[in-house]
Structures are given as C-alpha cells and as structure tokens.
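Open the model in your viewer and keep the sequence beside it. The tour makes a few stops, each with something to select.

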Amino acid sequence: MTSTFPTEHQPSRRKTSAPDAAAAERQLARWIAEGDEAALAELFDLVGPTLHAVALGISEDTRHADAAVEETFAELWEKRAGLGRLPVLSPWLLERCRAWAIALREGTPVPRSKGLHDRAGDVPLTRRLLRCPSEIRLARISAALDGLDEAEREVLMVASRAGLSVAELGTRIGRSPDEVHRLLRRGLDRVRETLERTLRRETV
C-alpha cells in the first residue's frame, strides 16, 4: 500500500477554538481543504484514537488497525479538495476506516470510496459518538463498559490499551483464542447496543 499521509507537519497556523468536536471538525476541514498539514494532524489527534479502537475491534490486529487509520487519513488528504461538500467528517472517516480494517483483516481490496459528499440526515446513531465533545464521549463509553460482565470488560480494556492480537490477548489474560474472540464480539455488541440506546433517548 502506498500512503500519501504527510510525514512532517508544519507548525500549526492556528489552534482550533471551536466550542465542540463537531464545530472543530468543520473548522479543521476548511483548513485541510486549503492544504494545511498541521490541521490534518490536529484532526488525527481529535478522532484518531476512536477510529483506531473501531479498527482494532474489527481486525483484532494492532498492525492492521494502525494501517487502517493511516490509510483513512491518507485517503482524506488525497480527497481534501472535496471537503467543502461535507458538513461533518466523522461519518466518512468511520466508514472508510471500517472498510480498510475489514479489507486488511480479510486480505481483500478495499471497496472504493463513494466520495466526500453531504450525508447529513443519514448518520447512524453510533457514528454520532464521534461528534460528541471528548468528555461526553468518554463518559458514555465508560458507562457502557460498566454494564458488561467482568470477563467481557477485562478483554475489551486490555485490547484497547495493549493493542494485542487475539492470541496475544489470550496469553495475557489466560484464556483461549476462541474464548477471547467470543468475549470481544459479545462485549463490543453489548457496548454498541448500550450506546445506541443512549443516543436514541437523546433524540426523542
């Protein structure tokens, strides 16, 4: 894979001063569309950890998760001229990161991007997490993790912090790879369901 992700970032021309993450994304998108590499680095700091967690949950391999996030931001940089048509970046970033993670896991070509376009009004509830202020997002995730049983929570916490493969996770916590895989899937499904219920309650 060939990446065009900038390897050296210029000093930031300006620090984001937006009141929330969604406004910060819009601000950064304008600067990235102008070719501001520092703004791209700031966007990576803003949403990169969440994208990495999603990719790791799919690929179960920290190397694939790292590559999925890198390729996602490289693709965004290549398509930056179209950022003005996208009201928020998170849904597109999440969609592309998932596509890269699945392709890397399966060893298949990544599906072609549908391009940067206006998808307002058609954003799944779970994707709205990426537009939350970081402190609210972390509180929601923490509450969802608290609802898991001890084994599920342990596997997810170790996976998110250590960035290990399923086999390495099993060695770390003393469980078989099959059991780790089952706990990861069940835990991630339950976390997603909890977050969806939380976000759905806020829309009614």
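Contact here means heavy atoms within 4.5 Å. Helices are DSSP runs (H or I, at least four residues), numbered from the N terminus. This is a predicted model, in which local features need pLDDT of at least 70, side-chain atom pairs count only at pLDDT 80 or more, and totals for chains, interfaces and linings use all residues. Residues are numbered from 1 along each chain as its sequence is written, and side-chain values use heavy atoms, with hydrogens and water left out.

First select α2 (37-59) and α4 (residues 90-106). From α2, Leu43, Val47, Leu51, Val54, Ala55, Ile58 and Ser59 meet a set in α4: Ser90, Leu93, Leu94, Cys97, Arg98, Ala101, Ile102 and Arg105. By class, this contact has eleven nonpolar residues, two polar and two charged. Nonpolar covers Ala, Val, Leu, Ile, Met, Phe, Trp, Tyr, Cys and Pro; Asp, Glu, Lys and Arg are charged, and the others, Gly among them, polar.

Next, select Glu60, in the loop between α2 and α3 (62-78). Its phi is positive, about 60°, although Glu60 is not a glycine. Most residues other than glycine have a negative phi. Is Glu60 buried or exposed? Glu60 counts as buried because its relative accessibility is 13% (buried is under 20% relative accessible area, exposed over 50%, partly exposed in between, with a 1.4 Å probe and protein chains only).

Last, go to Glu152 in helix α6 (residues 150-162). Glu152 has 1% relative accessibility, so it counts as buried. Leaving aside neighbours within four places in sequence, Glu152 is in contact with Leu183, Arg186, Gly187 and Arg190.

Terms used. Helices (H or I, at least four residues) and strands (E, at least two) are DSSP runs, numbered from the N terminus. Axes are lines fitted to C-alpha atoms, for helices over the stretch in contact, and angles run from 0 to 180 degrees between N-to-C directions.
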